[in-house]
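This report describes a single protein chain, from its overall fold to selected residues. Please consult the sequence and the model while reading.

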Amino acid sequence: MIISNGITDENKLKRATDIIIGLQNELKGYIVKGHGPFLAAVYDEKGNLIAKTANSVINETCSNNHAEMNVIKAAEKALGTYDLSSYNLSLYVTSEPCMMCLGGIMWSGIKAVYYGVPSKRVEEITGFDEGFKPDWFNEFKKRGITVYGNIAQEIGEEVLRYYVNQGNTVYQPER
């Protein structure tokens, strides 16, 4: 069931579904190349792709290299700015952003977030720790960031199972 922190716009939801399904379909190729099981893209309001990147925590040995953080960095570089707010950009990601990525999204100036698999299912399928995220939907709404979630969730869950079944690393610090 699709969830949102605002009034559902069927046109935006249709476009988001198409984009997220495309990202999910591409993701296995990135996994085979050593990337983590998350892929993100940033588009402008006219539907132009600004940046697309995968999670590269393991293959680039950096815990901050989540797909969302990588794609925000790539979009900022492509547009020559650290503040994306004037570009009216949307972030599309295969799974719900974790705690770290939510902060990066909020401070980047991204205006909308569309995601596939919710964190609870990511954790259940993979064992990743998605972090403590108190009332983030409403906090984003207060800041003018629209969120749509659970888009093409079943396809995304299949990709996450593929990642785990291939014996890939579920990375997190030891506690």
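## Fold and overall dimensions

The model is a predicted one. Its chain contains six helices and six strands, and their order along the sequence is β-α-β-β-α-β-α-β-α-α-β-α. The radius of gyration is 15 Å, close to the 16 Å given by the globule rule for 175 residues, so the chain is as compact as a globular protein of that length. Along the principal axes, the C-alpha atoms occupy a box of roughly 40 × 35 × 30 Å.

Contacts within the chain were also classified by sequence separation. Of those between residues at least 6 apart in sequence, 67% connect residues at least 24 apart.

## Burial, surface and charge

Of the 175 residues in the chain, 48% are buried. The chain exposes about 8,900 Å², and 51% of this area is supplied by carbon and sulfur atoms.

The chain carries 18 positive and 21 negative charges. The mean position of the positive charges lies 3 Å from the mean position of the negative charges.

## Cysteines

The number of disulfides in the model is zero, where a disulfide would require a pair of cysteine sulfur atoms within 2.5 Å. Cys62 takes part in no disulfide, and its nearest cysteine sulfur, belonging to Cys101, is 12 Å away. With a relative accessible area of 26%, Cys62 is partly exposed.

Cys98 is likewise in no disulfide. The cysteine sulfur nearest to that of Cys98 is again the one of Cys101, at 3.7 Å, and the cut-off for a disulfide is 2.5 Å. Cys98 has a relative accessible area of 7% and is therefore buried, the limit for this class being under 20%.

Which segment holds Pro173? Pro173 is located in the segment after helix H6, which spans 153–165.

Pro173 and Asp9 are 164 residues apart along the chain, and their C-alpha atoms are separated by 39 Å.

## Summary

The predicted model shows a chain with six helices and six strands, in which 48% of the residues are buried. Its disulfide count is zero; Cys62 is partly exposed, whereas Cys98 is buried.

Key:
Residues numbered from 1 in each chain as written. Predicted model: local features only at pLDDT ≥ 70, side-chain atom pairs only at ≥ 80, totals over all residues. Heavy atoms only, no water. Helix = DSSP H or I, 4+ residues; strand = E, 2+ residues; numbered from the N terminus. Rg over C-alpha atoms; globule rule 2.2 N^0.38 Å. Buried < 20%, exposed > 50% of the residue type's maximum accessible area, 1.4 Å probe, protein only. Contact = heavy atoms within 4.5 Å. Areas by Shrake-Rupley, 256 points an atom, 1.4 Å probe, with all protein chains shown as cover. Lys, Arg positive; Asp, Glu negative; His and termini not counted. Charge placed at Lys NZ, Arg CZ, Asp CG, Glu CD.
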